[in-house]
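Here's a short tour of a protein model. Have a look at it first, then read on.

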Amino acid sequence: MSIAVPGNSVATIYIDDRGYKADPKQNLLHACLSLGFNLPYFCWHPALGSVGACRQCAVKQFKDEKDTHGRIVMACMTAAAEGTRISIQDPEAIAFRAAIIEGMMINHPHDCPVCDEGGHCHLQDMTVMTGHDYRRYAFQKRTFRNQYLGPLVNHEMNRCIQCYRCVRFYREYAGGRDFNVFGLRDQVYFGRQADGVLENEFSGNLVEVCPTGVFTDKTLKQHYTRKWDLQMAPSVCVHCGLGCNTTPGERYGRLRQIVTRYSREVNGYFLCDRGRYGYEFVNGEFRIRQARLTRDNHPRNITKAEVIERLAPLLAEGRQVIAIGSPRASLESNFLLRTLVGRERFYAGVSDDQFRLISTMIEILGGGPAHSPSLHEIELSDAVLILGEDITNVAPRMALSLRQSVRQEPMQIADKMHIPLWDDHAVRQPLQDAKGPLFIASPAATRLDDVATQTYRAAPDDVARLGLAIAHLLDDNAPSVPDLPSEAHTLAESIAQALKKAQRPLVISGPSCNNEAVIQAAANVARALCVIGQRAGLSFTMPECNSFGLGLIGAPPLSQAFKTVRDGAIDAIVIVENDLYRRAPVRSVDAFLSAAKDLIVLDHLLNPTAGRATLAIPAGTFAEADGTLVSSEGRAQRFYQVFVPEGDIQASWQWLRDVMAAEGREEGLAWEHIDDVIAAMAVAIPALAQVQQAAPGATFRIAGQKVPRQPERYSGRTAILANIDVHEPKPPIDPNTPFSFSMEGTHNQPPAALIPYFWSPGWNSIQATNFYQTEIAGPLRGGDPGVRLMDPTPDLQGKYFDQVPPAFAPSSDEWLIVPLYHIFGSEELSLSAPAVAELAPQPYLALNEKDAKRLRVQAGEQVTIQLDGMAHSLPAQIKAELPLGIAGLPVGLPGLARFSLPIRSVVEREITSPHTS
Amino acid sequence: MLTPEERQEIEAEFPRYPHKQAVCLDAMKIIQRHRGWVSDESLRDLGEILDMTAEELDGVATFYNLVFRRPVGRHVVLICDSVSCWIMGYEKLCQRLTSQLGVDLGGTTADKRFTILPIVCLGTCDHAPAMMVDNDLYRDVEADHIDDVLTNYK
Amino acid sequence: METPLTKNIPSNGNAPLDLKAYEKAGGYESLRKSLRMPPNAITELVTKSKLRGRGGAGFSTGMKWSFVPMGKDAPHPKYLVANADEMEPGTFKDRLLLEGDPHQLLEGMIAAAYAIQADIAYIFLRAEYKLAAERLGRAIAEAYERSYLGRNILGSSYSLEMYLHVSAGRYMCGEETGLLNALEGKRANPRSKPPFPPVSGLWGKPTIVQNVETLCNVPHIINNGPEWFIRLGLTADSGTKLYGASGKVKRPGLWELPMGTTIREILIEHAGGMRDGVKLRGLLPGGASTDFLTEQHLDVRMDFREVQKAGSRLGTGTMIVLDDHTCPVGMVWNLEHFFSQESCGWCTPCWSGLNWTERILRAMEEGRGQPQDLEKLEFQTKFNAPGHTFCALAPGAMEPLQSALKYFREDFEQHIREHRCPWK
Ligand SMILES: Cc1cc2nc3c(=O)[nH]c(=O)nc-3n(C[C@H](O)[C@H](O)[C@H](O)COP(=O)(O)O)c2cc1C
Ligand code: SF4
Ligand code: FES
């Protein structure tokens, strides 16, 4: 488990009479696996630590050289102390380990052929490893009833081997409380008290945490494929700004699943459920799979050649063309679009608010003294202040890191008692429920409140004021906040104290409140901490997967584009991967889109904007394209094409390149491959110069060979198209990357950025990750993928922001409507994945209890609000914690996606008419 | 809904422990004393008082022997099946008891009068075989005594 | 012969002494004495007395107390717990002390609590001990009334709250760390050690868990001194011990005798020997989780070391006697049934191994035994050896089995050969 342990001494340990170096602060299992030994285990998990339950990792320990007898110990429960002598090969230890598997298997249904885990099952691997192969148990097995756990996770309890990993992950690591262990002896049951949807946002990790087939990916089940039959490539999650590393798998042109791609610095071993299950939009029925030309309201499909043929003249030099980029498109696609139309005609495709906030955040990170931490560093923070963000719903994976961060400070108790920090349950004993400092100031309750030291519910301006006050308390030179209520002042004082005392304090904020003062307040706190000599972290969430990247490219917001078309005639508009109806009021977007005769939209889904295109072009999703995204940490990361889709789908940047080539433009001809694009971008945009270092280029080879996307055992190649032709189809060529679309190539370990999937001889499950790390839970060999584009300015002379907003004053007739976020529902692409959509809420308006009473509405009754001059009717939800005068509206849901919040509006109780349903 | 009486009894336990959740087993037994068993519904109601989820309560409840998560008869017969009683004639006793009542171990008579459950050593091995009916301990029980014992319970 | 532990216990099963009578018999004298001593002096006294735990493991009581952090910086609240869970089959000694002389336990607990400067004491009582619960409840109330408990005990600066906790039934609740979890309202799984309870126990605070009989010795040690206590024992172990016998003996029962009394004396003199018509085949000297001894061991002295030398353990000191009209295989099946039912489900050798063991033995009893079964059973005894499992439950379960395989092998073979239980 990851705990900040100062000092790294080295011990010599002896394994089967040979000396090795090991970390004495670790246990023997950690040491053996780090050294590459095949030592089986179950209950231990690198992120969860040791509990000694399964007894699978047994080795023989000897007192000294003379001790020939030795005794069986659990490697995971024994320190790798100096001089420790153990044997993995000892016959008694070998027999014991085989017996453990035998014991686990007495109740197991042996249903590998029909089990989804088969082929990437840790239990299978360990069974083979220990050599247990003959069944001696002759009695009836125990059987269980399975539960319905929602659309994400499938439950098959008979396969359980009672390792307790699931419940430890779900409850102790992820903070879920609707899952547990029931019963005892060999009848232990893991699940819910009754059937029902798992409530925790990280439930999908059970699929990987469970070493057998009890918890499996329910979406995979609908289009099941064995791991060895998947074509895979390293990818990056597109469903929020954190840039978690993923491994998507494809077969027969369909994306089948997403699993975690370990990276110590970014997401470690885990993903959030949005990131794991959002992928199904790729297979969705709303995909644009063929270019579609609409003339006189008659749409017809056209070929790739025709697209290029038609586009080239449309976009030819001299024509009035403007282009809208996107925070969810790759750097390459945005850059090519900018190149195509010219810098002055390229717009960022985000609202003014977002533009302003993101620019401010980037400026702060680049110009301020505080460091933007990785998720791993966030996990190690020992005092955290969150201003204005509902982390779980906005940057979900970060919430999991924060849940671990609150254990950092209390962990010192255990350290003082000399309890090894890997001894998970031993550590938890003296710690009890002790939590390190975590303060959350936000308008509405957040899913992290249960681990917060204190929460502060206030309007965005008041959240900013609290932050500014903290900064002032830390450093007099920061502006002071007049008329701060005494409660807020007391809170500010205790927060300032906690941050001051911490070793690794962290401030988190972001654009969720749509309030610049909040961001500035966070910057002031971080700066003040740095001024008083603290090593402070400052982390901003970013709304989309490439908001940071688009911000670095630096283009004006959407309103400027709207203005341009109002100011003069435009021939064509090109929009890349952006549904403008989610960004601006309908009327403005309608007007804008109608301003040009030709509206060219490149996107994945037929969204309202694409629906209006005169030419809609099928753009490759993350799984069908190569590209680079910049995460909220400021880390540029490459994602690789997983498969070659049917039809004409290709990356947006490839379409644009092809058009330029057809026009005969130099760039179009010269930029043949993605590496050429990245190199050109490095020159054109200095802030992106380092993107080249994010991953090896297309010419990279291992011993002259490419890296195969398909596992060595990929099967049935000649049978895939047997209904047409039994000859093996020629694999597609990939000129853009060092990967091949086949099983040919070297299966040696590639560099970290190029790991298509984790596999090691004897280790078919995701636990093969062990063999790709410098040490267990450490960085990937050669360093974690990606490159950080932004480093703080160590200079402490910079200025504080000095605007202090006035306190929020509720008004008697208007409410301040603030945005509320939902992990399932607020993000555009994942909402097209059926499993995610099933979990998204219906639109509602949240009100404080007193406000509701004043309006004489009860939960569920309809209320009306005014947005953009139109009345909207919504069912009321009561949220006790909302401050008076503040109402909350979920963002991103169908019908509610486009409003820029906060906004002031009247809220009225709707007079029920027979027509309202 | 828990009755005010149940609530009161449960709350009376709070001062005995530094944490509210430690009361959960006592609380389930209080509910059981009043209702004979702990239903899913009372589990949820209890969860509200103790800030515990149904999962957390049931994880505990299903670990222990004497928290009944299914309805039982008006009287619970616990018959010791551990070693000394076994040596001293548990099997005969058990046979007599089950045939007398017409249910197997774990069962409840049709008239809901008795539930018979096996129990581990009752700690009265020098007077084996032993059994308990509700709160009453019976020692040196002979198969022929069973009738007499049971008539005390309506 | 002195019988300090049972001297106040009415032999006719009548109600125990009430507080007044108990005081008259010298009760709570040790408490007054203790309060005049520095806490660590009591721990020293108990260490010197060589009192060893009577709950089964025989750990030095004084030494255990000495692990508790003391002084100004010690974490508080600290806890003392009397382990009155007594659920080991064949064990019925603590019941006598609980029902027969509750104030003696309270007095021992208060002195022990004072020694470690505990703030809160619990009696962890198994639910089936209804009478004990009633009497302990009354005794605690009486003690509060007389300022033996509560704030500023007897005008001193020492305060102690005491509560009776009635459990909900599981053998694992008797295992000291399982007990802590149970008391916290959790599943009674064992805890990872270290940290040991004296350092981090209940709610992470220093906690001493002590068997009822152990605690009952404390007042007498304080009153009469460690030398006196050492002299009570006949061997290297000090004090008296509650010894019991159950099974087909003439007079099953419980006797307080000097530590180190021979099996023969207990079995023949006190229990009256075997019932007419049956012969001794073996015995478990200290409860269900000890190895069988046989006739050849009758002269073994019942103390910690001697019984171990003979290949078993003193355990709880209450013997279960196997006679020649009772099937040894059936008896072991019964024991393993108990253990497998009580496995907490945490570690694999235990939850899977005990279940398997129990199934094999049942099959044998029911005439479905297989020739390979003996090998499998032997394998289980090694598989579940001490150190292989997370706590001592499963290794304890293996003790009667491994010794039965040694002493009664022919009986097992006969079951398999004849496809039936010869006793049925
Ligand atoms: C499975 C198991 C059950 C136990 N049950 C009891 C019990 O019921 N009563 C008891 O005093 N000790 C029991 N023990 C022993 C305790 O763990 C602990 O050693 C004892 O309470 C310490 O007190 P002592 O030192 O006074 O003996 C049990 C141990 C195990 C492994
Ligand atoms: S469900 Fe899976 S993770 Fe949980 S105990 Fe069983 S095998 Fe282990
Ligand atoms: S991995 Fe070591 S005991 Fe489970």
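## Ground rules

This is a predicted model, where local features need pLDDT of at least 70 and side-chain atom pairs count only at pLDDT 80 or more, while totals for chains, interfaces and linings use all residues. Residues are numbered from 1 along each chain as its sequence is written, chains are lettered from A and ligands numbered from 1 in the order in which they are written, and side-chain values use heavy atoms, with hydrogens and water left out.

## Two helices in chain C

Helix α13 (residues 328–342) of chain C packs against helix α14 (residues 348–365) of chain C at an angle of about 150°, their axes 9 Å apart. That makes α13(C) roughly antiparallel to α14(C) (angles over 145 degrees count as such).

The contact (heavy atoms within 4.5 Å) includes W333(C) and F339(C) from α13(C), and L361(C) and R362(C) from α14(C). By class, the contact of α13(C) with α14(C) has 7 nonpolar, 5 polar and 4 charged residues.

## Around ligand 2

Ligand 2 is surrounded by 13 residues (each with a heavy atom within 4 Å of it). The closest are C160(A), C163(A), Y164(A), C166(A) and C210(A). By class, that shell around ligand 2 has 10 nonpolar, 2 polar and 1 charged residues.

## A helix tucked away

In helix α4 (residues 54–61) of chain B, 8 of the 8 residues are buried, so α4(B) is largely enclosed by the rest of the structure (buried means under 20% relative accessible area, with a 1.4 Å probe and protein chains only). Among them are L57(B) and D58(B). The cover includes α4 (165–173) of chain A and α2 (24–35) of chain B.

How values were computed: Axes are lines fitted to C-alpha atoms, for helices over the stretch in contact, and angles run from 0 to 180 degrees between N-to-C directions. Helices (H or I, at least four residues) and strands (E, at least two) are DSSP runs, numbered from the N terminus. Angles under 35 degrees count as roughly parallel, over 145 as roughly antiparallel, 65 to 115 as roughly perpendicular and the rest as oblique. Ala, Val, Leu, Ile, Met, Phe, Trp, Tyr, Cys and Pro count as nonpolar, Asp, Glu, Lys and Arg as charged, and the others, Gly among them, as polar. Buried means under 20% relative accessible area, exposed over 50%, partly exposed in between (1.4 Å probe, protein chains only).
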